[in-house]
Amino acid sequence: MGAGSLIALTIAAIAFSGIAILVAKVVTKATTNKQKGEAYECGVVTTGPSWIQFNVGYYLFALVFLIFDVELIFLFPWAVVVKEIGWLALIEIVIFFFILFTGFLYAHKKGALKWK
Amino acid sequence: MIFEFYMTASQILFYVIAAFILGCGLLAMTTRKIFRSAIWLLFSLVGVSALYFWLQVEFIAAVQIVVYVGGIVVLIIFSVFLTQQSGTEMPKAPVKRTIASVFAVLFGFAFTYLLIYKNNFISGEGTFDAGISKIGNQMLTTGEQGFALPFEAVSILLLAAMIGCIVIAMKTSTNQAKGENEQAANTNKK
């Protein structure tokens with residue numbers, strides 16, 4: 001299982017879907033009309049542009065998410081060796097979590113996670 | 001003379017990944033809609049993580065996907081949506097600027113190439129082990145090669161980052177709310 005098999009898999013995957021699409025294109029008789037361009041069964045037709053400005057609240061959530069996302073990264077190597085190291089690892093991760101949890105408490109206290 | 005053209009499968013894979021990264025990066029630069037630019041950046045970063053997988057540093061590849069693709073690009077997309085012009089096409093760049101940026105790119109490439117070419121790379125002995133269990137062991141032990149204290153310090157760094165972004169983002173949002181209130185008051189007066 002090397003790079004060669006990965007390339008073979010990629011080519012096979014592209015061929016698998018590509019041939020199916022190609023055959024469908026060749027065999028069927030395609031017509032185009034305006035209805036076909038619409039989003040299929042997605043409610044009423046939109047009026048005005050759908051590119052609206054987002055609420056600033058989303059950004060705050062994204063920022064807090066990013067911090068815990070980075071925290072998650074440190075959980076991967078911890079989870080692999082926690083059994084090997086034992087109690088010490090558990091204590092260390094509890095300290096790590098506690099410090100970040102105070103940040104979460106701060107966000108909660110400041111009302112950053114409240115939807116306005 | 002017979003020109004021997006020979007590449008191993010691994011090399012082919014590298015060039016495919018590199019072409020993917022560069023192609024997506026180029027599209028991110030040249031597309032005229034800023035939202036599409038963000039999406040092309042996402043694909044480019046996925047390609048970089050593929051390159052890490054190719055180098056067999058799986059943990060770094062996972063970090064690349066979780067933090068950059070899952071975090072930073074989402075943040076960029078949100079900030080694009082915060083602007084009012086996420087859907088409109090940007091004006092075409094003037095020719096002068098295009099020529100200048102091409103020169104800047106060429107200069108950057110030449111400089112980087114020169115640096116890499118001049119550098120004496122020393123091939124190390126033994127095998128390179130960047131396994132996740134080794135990282136975990138070093139991260140959690142306190143001995144000679146342990147990084148337990150930096151690991152805990154990272155949490156304080158993250159805490160500082162979180163408090164900082166809450167303070168800054170909350171400030172702007174309260175300012176905006178104030179502005180909206182004033183606007184409402186003004187319209188009421190009218």
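The structure is a predicted model, in which local features need pLDDT of at least 70, side-chain atom pairs count only at pLDDT 80 or more, and totals for chains, interfaces and linings use all residues. Residues are numbered from 1 along each chain as its sequence is written, chains are lettered from A and ligands numbered from 1 in the order in which they are written, and side-chain values use heavy atoms, with hydrogens and water left out.

B:Ser49 lies in helix 2 (residues 34-54) of chain B; helices (H or I, at least four residues) are DSSP runs numbered from the N terminus. Residues up to four places away in sequence being set aside, B:Ser49 is in contact (heavy atoms within 4.5 Å) with B:Ala61, B:Gln64 and B:Ile65. In the loop between helix 2 and helix 3 (58-82) of chain B is B:Gln56. Most residues other than glycine have a negative phi. B:Gln56, although not a glycine, has a positive phi of about 65 degrees. With a relative accessible area of 59%, B:Gln56 is exposed.

B:Phe151 belongs to helix 6 (residues 148-189) of chain B and is buried, at 2% relative accessibility. Apart from residues up to four places away in sequence, B:Phe151 touches A:Phe74, A:Glu92, A:Ile93 and A:Phe96 of chain A, together with B:Met139 and B:Leu140. The C-alpha atoms of B:Phe151 and B:Gln138, which are 13 residues apart along the chain, are separated by 9.8 Å.

The two chains also meet through helix 1 (residues 3-27) of chain A and helix 1 (residues 9-30) of chain B, whose axes come within 7 Å and cross at roughly 50 degrees. Axes are lines fitted to C-alpha atoms, for helices over the stretch in contact, and angles run from 0 to 180 degrees between N-to-C directions. Angles under 35 degrees count as roughly parallel, over 145 as roughly antiparallel, 65 to 115 as roughly perpendicular and the rest as oblique; the two helices are therefore oblique to each other. The contact is made by A:Ala3, A:Gly4, A:Leu6 and A:Ile7 of chain A and by B:Ala9, B:Ser10, B:Ile12 and B:Leu13 of chain B.

Definitions and conventions:
Buried means under 20% relative accessible area, exposed over 50%, partly exposed in between (1.4 Å probe, protein chains only).
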